[in-house]
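Dear colleague,

Please find below the structure that I am handing over to you. My notes on it follow directly after.

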Amino acid sequence: MKISNVIAQEILDSRGDPTVECTVILENGIKASSMVPSGVSIGTYEAVELRDGDEDRYLGRGVLKAVENVNKKIASVVVGMDVEAQEEIDQAMIALDGTENKSNLGANAILSVSMACVRVAALSKGIPMYEYVAGMFGNSTEEYEMPVPMINVLNGGKHAPGASDIQEYMFMPIGAKNIEEAVRWGSECFDHLGYILKEMGYRTTVGDEGGYSPSLGSNEEPLELMVEAIKKAGLKPGKDISLAIDAAANEFYVDGKYVLKAGGKTLGREELCDMYIKWTEKYPLMLIEDGFAEDDWEGFKLLEEKLGEEIMNVGDDLYVTNIKRLEKGIKMETTNSILIKLNQIGTVTETIGVIKRAEEVGMRSIVSHRSGDTEDTFIADFVVGAGTGFIKAGSMNRSERVGKYNRLVKIERELN
Ligand code: PGA
Ligand code: ZN
């Protein structure tokens with residue numbers, strides 16, 4: 001079915017910052033929309049999110065230029081194209097942009113169209129989006145793998161200034177029999193953790209991704225409290241639920257050193273690696289994301305050599321869902337896993353390419369939200385179709401986070 005129009009508009013994300021929503025309309029009258037998320041602990045090598053810079057509107061964070069780029073420039077090339085020709089559509093937008101990092105049209109403009117095409121194509125075919133995505137990957141549409149969620153219950157770093165240096169502490173319900181149980185366990189443990197913090201006299205206000213944001217004075221204590229919360233919920237740490245962290249180490253990398261404010265330590269690459277090793281020995285920590293800064297390939301490699309057999313060593317800002325950076329990582333054997341964020345690269349086609357390449361070499365992919373997200377549940381359907389087995393969607397709190405979990409549970413019920 002051919003595209004008859006694409007219409008973008010400026011809406012707000014979960015932080016109240018402007019972002020782009022795009023509606024794609026087909027010649028049969030069917031239409032669907034998608035909303036682009038936005039990060040704050042952004043990797044240097046991410047595709048460019050176009051902001052107006054006009055200080056009179058939203059402190060310069062407006063996206064009217066990106067909106068206009070969709071409505072005029074992108075519309076002029078994609079209208080009339082077959083909506084199912086995702087690769088051609090994405091390539092046409094990449095060519096129209098003409099830059100390496102999509103700074104001309106903006107990755108937010110391009111991605112809004114790319115995602116909306118997937119949604120409307122599925123709708124037009126009368127199939128669920130996850131099934132359409134499975135087709136794009138060449139995956140089975142008979143059997144689906146539901147993902148293990150990474151539930152971010154303690155926020156720090158740029159997502160909760162004043163809390164821990166480590167940006168995210170997550171529950172991974174690896175022992176749950178299905179997504180419904182994983183979500184329930186996550187919710188129960190989140191509540192227990194809240195009661196524990198309250199009893200200790202800490203605040204239980206939440207950060208950008210819905211996790212609590214206490215100032216505990218140490219980066220290790222959260223792990224202890226999380227184990228306690230798992231036990232309080234009547235579950236077994238390490239068997240039912242394991243732990244994960246996203247250090248987002250870029251944010252505390254200063255002049256070649258890792259500066260941890262909570263606890264007052266400045267560590268070198270090896271010392272930081274030793275800290276992680278110690279944590280994996282003491283706690284059921286099964287995943288470390290961005291344990292090192294985005295250009296500290298040697299740091300990731302060191303962790304991979306020491307713990308690659310035992311834990312998921314994940315690159316986020318390291319790879320920024322970019323095939324060139326992934327190829328470098330494969331060559332150097334830097335990590336065994338990669339975080340996937342559609343807006344880091346800016347098209348669905350390139351995102352699929354990265355996931356497929358990672359799979360080819362046995363690396364695991366985690367499909368992820370952003371800290372500024374929206375009510376769009378795109379990634380829930382996307383991860384089920386992609387079948388990567390892991391999703392990072394924030395806490396059991398705040399609708400832009402819980403919406404993804406709700407959608408996953410509904411997909412699971414539909415499939416059963
Ligand atoms: P961001 O954080 O969306 O603010 O970049 C998420 C992450 O680092 O995984
Ligand atoms: Zn990250």
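A polar contact, as the term is used here, is a pair of N or O atoms within 3.5 Å; within protein, one atom must be able to donate a hydrogen and the other to accept it. The model is a predicted one.

By that criterion, the side chains of threonine 335 and tyrosine 319 are joined by a polar contact of 2.8 Å. A polar atom of the threonine 335 side chain also lies 2.9 Å from the backbone oxygen of serine 337. Threonine 335 itself is placed in the loop between H9 and strand E12 (337-340). Because its relative accessibility is 7%, threonine 335 counts as buried, the limit being under 20%. Beyond its neighbours within four places in sequence, threonine 335 has contacts that include Phe300, Glu304, Asn313, Gly315, Leu318 and Met363, as well as Tyr319.

The zinc ion (ligand 2) has Asp246 (OD), Glu289 (OE) and Asp316 (OD) as its protein donors, at 2.1 to 2.2 Å. Along the chain, these donors follow the spacing D-x42-E-x26-D. Aspartate 246 lies in strand E6 (residues 242-246), whereas aspartate 316 lies in the loop between strand E11 (312-315) and helix H9 (323-332), so the pair ties together parts that are 70 residues apart in sequence. Aspartate 246 counts as buried because its relative accessibility is 1%. Aspartate 316, at 2% relative accessibility, likewise counts as buried.

Yours sincerely

Technical notes:
Residues numbered from 1 in each chain as written. Chains lettered and ligands numbered in written order. Predicted model: local features only at pLDDT ≥ 70, side-chain atom pairs only at ≥ 80, totals over all residues. Heavy atoms only, no water. Donors = N, O, S within 2.8 Å, 3.2 Å for Na, K, Ca; no water. Helix = DSSP H or I, 4+ residues; strand = E, 2+ residues; numbered from the N terminus. Buried < 20%, exposed > 50% of the residue type's maximum accessible area, 1.4 Å probe, protein only. Contact = heavy atoms within 4.5 Å.
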